[in-house]
Amino acid sequence: MADRRTLRKLQMDKEEKIGKVKLNFAHYNGMDLYCDGEVEDELLDIVRNHKQEEYPAIIEKSASWPVLYHLSQQRSNIIEWIPMQHTEKVLEVGSGCGAITGALSHKAAEVTSVDLSRKRSEINAWKNRDCDNVTIHVGNFRDIEPDLDRDYDFIFLIGVFEYGQGYIGGEHPYENFLNMLKGHLAKGGRIVIAIENRTGLKYFAGCREDHLGSYFSGLEGYSGDSVARTFTRNGLIQIFRSCGIREYQFYYPYPDYKLMTMLHSDQYMPKLGELFDNVRNYDRDRMVLFNEKYVYDGLIQDQMYQDFANSFEVVIGPEFPVIYSKYSNDRADEFKIRTDICIDKAGRKVICKVPLTEAAREHIRNIRDAYLALAERFKGGDLEVNDCQVDENTDVATFSYVNGVPLSALMDRCLARDDMEGFQKLFKEYLRRISYRDDYPVADYDLIFPNILVNGPIWTIIDYEWTYGKTIPAKEIAFRALYCYVQEDKKRMKLDVEKLYRFMGLSKENVASLLEEEAEFQKYVTGASKSMVEMWKLIGYKAKVPKELLMEDPKVRIRDRIQVYRDYGEGFTEENSEYPDAEYDKKGTVTVDIRVDSRIKSIRLDPAFAACIVTLKQVLWNGVSIAEEDTALNIHPNGAWMSDDSIVFETQDPGIEFGFTSEQLKRTGKDHLTVTLVMALVSEEIAADLVRYQMEDPQDTKENEEEKNPPVFGRLQKIFHR
């Protein structure tokens, strides 16, 4: 048998380099059993011919889930938060196309990666070709494992442990896998596993199982020939205990580990109302059987979140001081930061804001300046400002941990019990407190309700990242707080915000202008790149509400039921469309505000993805009703007019086109088309009957139509209110 030195020489003979990355093919059998076909060819072409700073634009242009998944910087969020020394050694099992490899390379001294696929390993090497501390072993882990070192400080299995049966085989593949890995850990080393939760709430709510692409297969326990197998929390704990593992910590990536934005732990669970970003699905269509936010709130209240989190990140070994992380890297480089809650050496909770780019260091330093300025402004008032210190070497900002209840949660409690008087009292108190020294040239533009913690009479601002050295009227800050509050949760749409706007003295023109400012602010924060919400819309997979639920309960409608297209002279295309955040209330009413720049020829508003009846309650052009002024706005639905303002659509793709081609239309280049409508879903049979009814005698006079309409609407009323 050849000695270890001879094996090393044989391995070196089978090494190649791409850039500074080494690839070892000593255990590669020449077959890529795990391959995504043409997508991998596309990825290889991208990483060979483009730099990483070009990836965001490529991701946007492709509007493809595989390209987003393999090239998005946000993939590395799952490990970026982990405290790691630059002297440590890392083993990455199942490195794939290198979404995690590069981030590990920047955090550790040495990275050894293992992957089954040559094509994927080449993509990894080209993507991270400037990393001189990475070696990729190509082949089955079981064959490579005997040659691996036995002193790794970290071993990472990101989306890999579920394939243990294929990697390892045997009667107890997952236990064998872990026992094998334990032999390669240095003293005090850690194994980090990221994996889907078999009973994650999204799988009950209508998401397909990630690996099989089928509904409920994980919940039902998988079949014997499943290529992968995920586990419940207790299922993983049983495997750990079978391997003699007693030291482990569970973390809970949200929405899941693939594109994580938040990370909770057993020491810091999510708060009520915090988990509202649930519907987005990038990989395939899904169903929506219920509102996950409301179910999560109930689970959180009953301390059951751990069992229904969508994903787990488990750290086997010594615990970390970090108990919570939130990423804000869906932004321009100069604003990309991470917010942590940690346990310090004295056992106290502290909050840290960490710059994720060199450019973001100045942004963190500015937060310290914001603290000093706001503390001066509100000195003597009724708003406290949480203290801030910035480390001069790392530019990490540290804040005290403040106890209290978010103002938004107190407001939610009022709405839940229909206590509108209580809500208005809280809002007026908020307005009073933020109006203190309103003329002072310092203002926190992001003084939204969740950023204020209430502890009895003490109200504390806990996040003031977007503070400016200028005067901003309190009513404008309050408008934005209300706008953000309502947009986050459709249950809040019962609130009469128009009444509150009037109370603050905001006209319709003021509101239109402030909405414009909000859109510009969001673009300022995200920079030239599209946000993840915009990417979700571009990729275009649908969240489908089953027809039975739509017919029975209009409250389950979700935001992507409405779609808006913009025609720039080339017709309506999916590329130039969006799903606005506006949602129908329980009466089926919605207001959609659409920005219309000078290039747009026409707008198409699709009120639903099913047959329906729509009543146009109000159409405003820059705040002026088309009924009040001749705006020369042309309205053309692909359905049949039932009256002057009601349309029946028998198609699954209803749409209302608003044309702006007339020279009579007064345009400024920053116009707003605001449409308020009522929509009721009907069966295609009823819609077809109504269309035929309208077309029976096109020569009827208006008087005859009015005579015929009442029984039709009487029939509809019975249908909608039975």
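Modeller: In this predicted model, helices H16 and H17 run roughly antiparallel to each other, because their axes cross at roughly 155 degrees and an angle over 145 counts as roughly antiparallel. Helix H16 spans residues 407–416 and helix H17 residues 420–434, and their axes come within 7 Å. Two packed helices are described in just these terms, by the angle between their axes and the distance between the axes. The crossing of H16 and H17 is left-handed. On the H16 side, the contact is made by Leu407, Leu410, Met411, Cys414 and Leu415. These residues meet Met420, Gly422, Phe423, Leu426, Phe427 and Tyr430 of H17.

Burial may be followed in another helix, H10, which covers residues 173–182. Seven of its ten residues are buried, so H10 is largely enclosed by the rest of the structure. The buried residues of H10 are Pro173, Tyr174, Glu175, Phe177, Leu178, Met180 and Leu181.

Aromatic rings form a further theme, with a count of 38 aromatic pairs in the model. In one of them, the ring centres of tryptophan 65 and tyrosine 69 are 5.1 Å apart and the planes stand at 40 degrees, so this pair is tilted. Both residues belong to helix H4 (residues 65–71), and because they are four residues apart, about one helical turn separates tryptophan 65 from tyrosine 69. An α-helix has 3.6 residues a turn, so residues three or four places apart point the same way. Tryptophan 65 and tyrosine 69 are both buried.

Another pair is formed by phenylalanine 479 and tyrosine 501, whose ring centres lie 5.1 Å apart with planes at 50 degrees, so it too is tilted. This pair links distant parts of the chain, since phenylalanine 479 lies in helix H18 (residues 474–488) and tyrosine 501 in helix H19 (residues 497–503), 22 residues apart. Phenylalanine 479 has a relative accessible area of 2% and is therefore buried. Tyrosine 501, with a relative accessible area of 7%, is likewise buried.

Ring pairs also join Phe240, Tyr248, Phe250, Tyr252, Tyr296, Tyr305 and Phe312 into a cluster. One member of that cluster, phenylalanine 250, has arginine 233 over its face, at 4.6 Å from the ring centre.

Methods
Residues are numbered from 1 along each chain as its sequence is written. This is a predicted model: local features need pLDDT of at least 70, side-chain atom pairs count only at pLDDT 80 or more; totals for chains, interfaces and linings use all residues. Side-chain values use heavy atoms; hydrogens and water are left out. Rings of Phe, Tyr and Trp (its six-membered ring) pair if their centres lie within 6.5 Å; planes under 30 degrees apart count as stacked, over 60 as edge-to-face and the rest as tilted. Helices (H or I, at least four residues) and strands (E, at least two) are DSSP runs, numbered from the N terminus. Buried means under 20% relative accessible area, exposed over 50%, partly exposed in between (1.4 Å probe, protein chains only). A charge sits over a ring if NZ of Lys or CZ of Arg is within 6 Å of the ring centre and within 35 degrees of the ring normal. Axes are lines fitted to C-alpha atoms, for helices over the stretch in contact, and angles run from 0 to 180 degrees between N-to-C directions. Angles under 35 degrees count as roughly parallel, over 145 as roughly antiparallel, 65 to 115 as roughly perpendicular and the rest as oblique. A crossing is left-handed if the near helix is turned anticlockwise from the far one by less than a right angle, and right-handed if clockwise. Contact means heavy atoms within 4.5 Å.
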